[in-house]
Amino acid sequence: MENMQYAEELVKEFLVFRGFTSTLQAFGRELGTDIGKGFQVDKILELIFSVYIPQFRAEDLIEVLSFFKQCFSSSSETLLISTLSKLEVSILRCYVVRAILSGRKDKVIEFFGMHGNDLLQRDQDWTYWFAIPYIKNPSLDPQFRIFFSQEWFNALHLSVRNFLSEMFNDTHILEQKSSDIPDLRIPAILKICSEKITVNRLKKDIRQLNLRLSELQALLEEKEAQLCRSRSYASSPLEASVGQKTSPTNSVTWTPLNGDHEADIIPPRVSHETCAPLRTPVSEQESPRTRNWVVTGPAEGAPKLASSKVTQSSSSKMEVRESGRINDPLEMIKDGFNIETSTEMQEEEEFPEVKLEFQETFLGHTSPISRCRFSASGNNIASASVDGTVRIWTYDSATPASRNATIYCGAEIMSLEWDCKSDRLLLIGTADGGIKAWNVDAKRVVCDLNTIEAFPSVLDLKCSPVEPIFVSAASSRGHGTSYMDKLGFANLTVWNMKTWKAMTVLPLGEDPPAITSLCFNHNGKILAAAATDGMIHMFDMSAGLQITGWPAHDSAISSILFGPDETSIFSLGIDGKASYSSTFFGIFEWSLQNQGKVLWSRNCSRFCNHENSGHCRHEMALDADGRRLLVTSGSVRAPIYQVRGHMNGVKTLPHSAAITTVDWHPTLPLFLTGSADHSVRVTSIS
């Protein structure tokens, strides 16, 4: 049976756990005999008729017959019991006949001496068989002649084959559809896999039903929002007429800009009392230390309208440029980006919802999620929360859960990084200058490093894809209220993963701004680092020197990634000067062959703005094909942009709070989203 090996592993695991080493050794030796032979009929027939009977191994023969009786007998099936008993009697008589033909009457006498009483109790027909060792020529005796014929032996062999074949075929069917046929005749331990398959099927049905429920709830929310807007629009003429009698500026606000006036139309607000969004509550009684899977539906607040400040900033920059005060080509690129994407911000409101294959939610954390990462194979997930807890888990119930673990670090987790070559090692960077190396096989911290005391915040960690080294980006403490303002100066240290000692510090100049994000190229020879002053630095790791760099953004860069073909690099950062009264988050794809050239860009201020970015550092992730870019969000939904595509993108199903961290599976169309609502979701898309 296909579940036999799995059951044997369970038995071995239990014996090791209880310390039954002697039993484990005996179990291993007996597995070598494998009297069940995996329920393969030909091997069982060979064992009975070519091994046990010719070699006169009566004890082994009776043991194997008892084994099959225990496996297949059922008190509710009289015909089955009768057939099995008749075959058992015939096989034992075949043993006696074979011993007589071989001149081993001593084996017959020994057989009856040990099992004669039991045979007589079950069948009185055995009485006259006790005389067979003493008959001079039993093959000519009328009572025994038939049993010495070749025809009888062939008929017995065929009968046993047919019976076992029928039984084992039924057992395979029963194993697959145990719910349809009640007379299951396999050991209980072998039913574990079948029950697990049934549970997984039921879970899949639940996911589909919950997904359908989510769709219906989203449709209901949409209809309620439309109803609210209709009511609001219906009452707006009356409100406008009343507003004109009291104040002519109630419905339109005029903002002076460079001596001119531009109208900023403020749309009517929808009352939250009359149009409260529906939510799918999550039970608060679920234990935070137990891995709980919950398939959730939509739970979002009212959508925010895109601000018109980008249009104003674009107009302002155009006027300044015409007056000859901007000559920087990079500023010209950004101006064009700002103008082109001012309309896009409105279009992003209409992003379609992503089409799901399945979605599962992990509720093991008790505070907002700071980081979550797939392992190198994608089988394991590490997620961290601001309370200093890291959990290792798997989204696939078929994957062994032996690596699941909870790690308490005692400080806020600021960075996570898996070893690029295997799922064995996880690096954890904290806000108190600690770097822990967790061995997932041994389930323990194998090394506990500390950065220089002046640089306590470990903002990012990156392992080389080739060499046994990793780089840490640490920062001193700054003064400010927002996330970026709290960061001071930068320190980039290269560590050896064999000796767990610092190898070198990469040069950044005097008092360099904090490095927020790192990424290696495919062969580990080039390291890219993004800084809070908007610079991208490129290092030659073999020489340990900076080889180039350029100003990619006006202000802090939150995240950088090499493109799929590594001829480009993506950056997510803040643009716009303070004098323009407008800043925005932008994504740029920079050419590495023609430095400074923008290949693709998006304005993501709709999701990443200063009001919703104070609590975290925004980040982005590319899928395995390099075609979809997932970005964190201050709202309950995250955008997935189509890189260099004609479509703007899609949006994820909502969490109930901001999305603080994201990651893509290394090979599959699966992505992770961690949220301030303490949850982590695994989403599969088509």
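Student: In which helix do E215 and R212 lie, and by about how many helical turns are E215 and R212 separated?

Tutor: A word on the basis comes first: this is a predicted model in which local features need pLDDT of at least 70 and side-chain atom pairs count only at pLDDT 80 or more, while totals for chains, interfaces and linings use all residues. Residues are numbered from 1 along each chain as its sequence is written, and side-chain values use heavy atoms, with hydrogens and water left out. Helices (H or I, at least four residues) and strands (E, at least two) are DSSP runs, numbered from the N terminus. Because E215 and R212 are three residues apart in helix 8 (residues 191-246), they are separated by about one helical turn.

Student: What interaction does E215 form with R212, and how far apart are the closest N and O atoms?

Tutor: The contact to look for is a salt bridge, defined as a side-chain nitrogen of Lys or Arg within 4 Å of a carboxyl oxygen of Asp or Glu. E215 and R212 count as partly exposed, with relative accessibilities of 40% for E215 and 47% for R212, where buried means under 20% relative accessible area, exposed over 50%, and partly exposed in between (1.4 Å probe, protein chains only). E215 forms a salt bridge with R212, and the separation of the closest N and O atoms is 3.4 Å.

Student: What does UniProt annotate over residues 199-226, and how far apart are the end C-alpha atoms of this segment?

Tutor: The unreviewed UniProt entry labels residues 199-226 "coiled-coil region"; UniProt positions follow the numbering used here, feature names are shortened, and annotations may be inferred rather than shown by experiment. In the model, residues 199-226 are 100% helix and 0% strand, and the end C-alpha atoms have a separation of 40 Å.

Student: Are D623 and R628, which meet in a salt bridge, buried or exposed?

Tutor: The chain has 14 salt bridges in total, and they include a network that links R371, R373 and E619. In the bridge between D60 and R57 the closest N and O atoms are 2.8 Å apart, and here D60 is partly exposed at 25% while R57 is partly exposed at 32%. The side chains of D623 and R628 come together at 3.2 Å, N to O, and D623 and R628 are both buried.

Student: How far from C463 is the nearest cysteine sulfur, that of C420?

Tutor: A disulfide is counted when a pair of cysteine sulfur atoms lies within 2.5 Å, and by this rule the chain has zero disulfides. C463 is accordingly in no disulfide, with the sulfur of C420 as the nearest cysteine sulfur at a distance of 5.3 Å.

Student: What is the angle between the planes of F112 and W126?

Tutor: Rings of Phe, Tyr and Trp (its six-membered ring) pair if their centres lie within 6.5 Å, and planes under 30 degrees apart count as stacked, over 60 as edge-to-face and the rest as tilted. By this rule there are 22 aromatic pairs. F112 and W126 form an edge-to-face pair with centres 6.2 Å apart and an angle between the planes of 70°.

Student: Where in the chain do F112 and W126 lie, and how many residues apart are they?

Tutor: Ring pairs join F112 and W126 into a cluster whose members also include F56, Y95 and W152. F112 is in helix 6 (residues 105-122), whereas W126 is in the loop between helix 6 and helix 7 (150-176), so the pair links distant parts of the chain, at a sequence separation of 14 residues.

Student: What share of the 686 residues in the chain is buried?

Tutor: The secondary structure comprises eleven helices and 31 strands. Among contacts with a separation of 6 or more, 54% are between residues 24 or more positions apart. Of the 686 residues in the chain, the buried share is 47%.

Conventions. Contact = heavy atoms within 4.5 Å.
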